[in-house]
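Here is a friendly note to read alongside the structure. Please keep the picture open while you go through the points.

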Amino acid sequence: MPNPGKYSRYSFEEFLQDDFFIRSMKNPTGESSVFWDTFLSEYPQRAAEFNAARKFIGDMAAGPVSEAVVAGTWTAIGRRIGAAQRRRIGYSITATAAAACAAILIFFYISPADGPQDPGRDRFLSFISAGPDSLPGGEVSLKLSDHNTVYLPDAEAVITYDSTTIEVRSEVISKEETADLNELVVPYGKRSVLTLEDGTKIWVNAGTRLVYTARFGRKEREIYVDGEIFLDVAPDPRRPFTVHTRDMSARVLGTRFNVQAYPSDGMSRIALQSGSLKVTTDREDVLLSPDNIYENVNGAVSVREGDVTKYISWIDGLYIYQSERLDVIATRLERYYGVTIDIEPSAAGLKCSGKLDMKERIEEVLNVISRTAPVSYVSDGNKYTILTRLK
Amino acid sequence: MSQGGDKKNEPMLCWAGFIAGDDSAFAALYELLAPNLFSFGSRFTDDGELVKDCVQEVFVRLYRNRRKLAGIQNIRSYVQTAFRNSLISEFRKRKLYRHYIQSYLAEEQYGSLEDGDTDGPDHGIGGGIPAVFKSLLTARQMEIMHYRFVEGMSIEEIAVLLDINYQSVANTIQRFLKKIRKFYLQAEYKSNDGAS
């Protein structure tokens, strides 16, 4: 944002040759409006030149384009490319795969340092009063309104929203009974699969809080998450889908990706399987392509290309890890099984690779780890301790 | 670049999605870019069908050639250029060497953006531009104003798009603003007097 003093002697022509002026007139933001209001109250003698320049921009604006013409032309395009698609179907799959490899388009750019807060995210943050990790153990809970919370004892709760109702454990609840924002809390040791009214399917991992609107708006679909989810977003070009976390927002059109944002981990990660998506933080926007893994560690952002399967396998009850620290693996198991795992400091930094079937009991999983790494474990009720194995 | 975010990046996001196999992203790309193409086209011809055909042609080709086009760095300006070329070739094909279009093609050949020729004929431009501008601008100059003040492109972007140098673009804009200054300021001071 420039200094208002910069414009203290500006003329009609000078305003119209200034990028910031043109941009503020064409796409005004809250901040730019405040800026120009301040400017005009400080330099009222500039008002005539300023207003003339503003009027010019208004006059230049193109006349309205008929919605019917735009839509009609799209229909004609659809007919032609639809026919083309059928003819080419034989090799369209390989073509798409090749194109996906070629399209490693990653754009970094710095937003203004005093950039606007994300109003969408703020709305969710103010809704969540409880601390990030104060997830009660026990049952999955679905809070529909202040007076109506449904508890689900299932290990894998299935919840489905459609246009007028919500189906939970074959019970049907009318949306009339719900507040605007709904909250699904999945404690450690539990998981859930949620289908939203637009057809978007969300796998919710253990230790996750998910907040979403019972009905999506006409222009936006937005949800908020603390924890880990995998999404299969129903495509809808007219309504982008945004996933907010505490420190970033991911905007997509229709795609499959995993979001990991446990506040206690001190880092967040997005693994994109297909489609495209844009991640926004207060500092910068990053555009991701398939097989990109985005990581944000205390604001330090990195993007690499890699195998995203390992970040997504949890939805099938598998945990795949490659040269991962043992304490990181233990934290994941703690959440998944809802148990406590202590780890001896000398074992915490051991790097392990492998695949765990988390449909097995925790003891069996720990046995697999002790066979592949030089560790053993002891148990005491729901508490497990991993020790370095003596040679 | 510190452009205000979303809007500038959106077409690239759609394009990447489409290249990655998401056809719905192609529809989104159309919705983002097509309205501006229609308004651009309407500045140069009153023939709505011709503009529709050109928009259709550009998007159909984009769809069919996506494999070859996967590496495009700026889809917005690619589409704009393709549309512009498609318009010009239609003008040629249909022998529409009259009125505004004629001056457009003449400039294409001579690449002229010289001083002086301000008292051009009335070219009969469509689109909601004040009548007073029409007499001041050639078609090529109108195109520059459209990019700068309607699409909000930078001078640099316009220079690249039209393949002319930065200074020519800047001078064209400056000269035009100087000419219309009186018209706008008069109106402004008149309305101020009325208020006081």
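1. First, some ground rules. This is a predicted model, in which local features need pLDDT of at least 70, side-chain atom pairs count only at pLDDT 80 or more, and totals for chains, interfaces and linings use all residues. Residues are numbered from 1 along each chain as its sequence is written, chains are lettered from A and ligands numbered from 1 in the order in which they are written, and side-chain values use heavy atoms, with hydrogens and water left out.

2. Over all chains, the structure holds 23 salt bridges (a side-chain nitrogen of Lys or Arg within 4 Å of a carboxyl oxygen of Asp or Glu).

3. Look at A:Asp59 and A:Lys55, whose side chains meet in a salt bridge at 3.2 Å, N to O. Both lie in helix H4 (residues 47-60) of chain A, four residues apart, about one turn of the helix. Helices (H or I, at least four residues) and strands (E, at least two) are DSSP runs, numbered from the N terminus.

4. Now find B:Glu57 and A:Arg80, which form a salt bridge at 3.5 Å, N to O. This pair crosses between chains, from helix H3 (residues 48-64) of chain B to helix H5 (residues 67-102) of chain A. B:Glu57 is partly exposed, with a relative accessible area of 26% (buried means under 20%, exposed over 50%, partly exposed in between, using a 1.4 Å probe and protein chains only).

5. Finally, A:Glu13, A:Glu49 and B:Arg181 are linked in a network of salt bridges.
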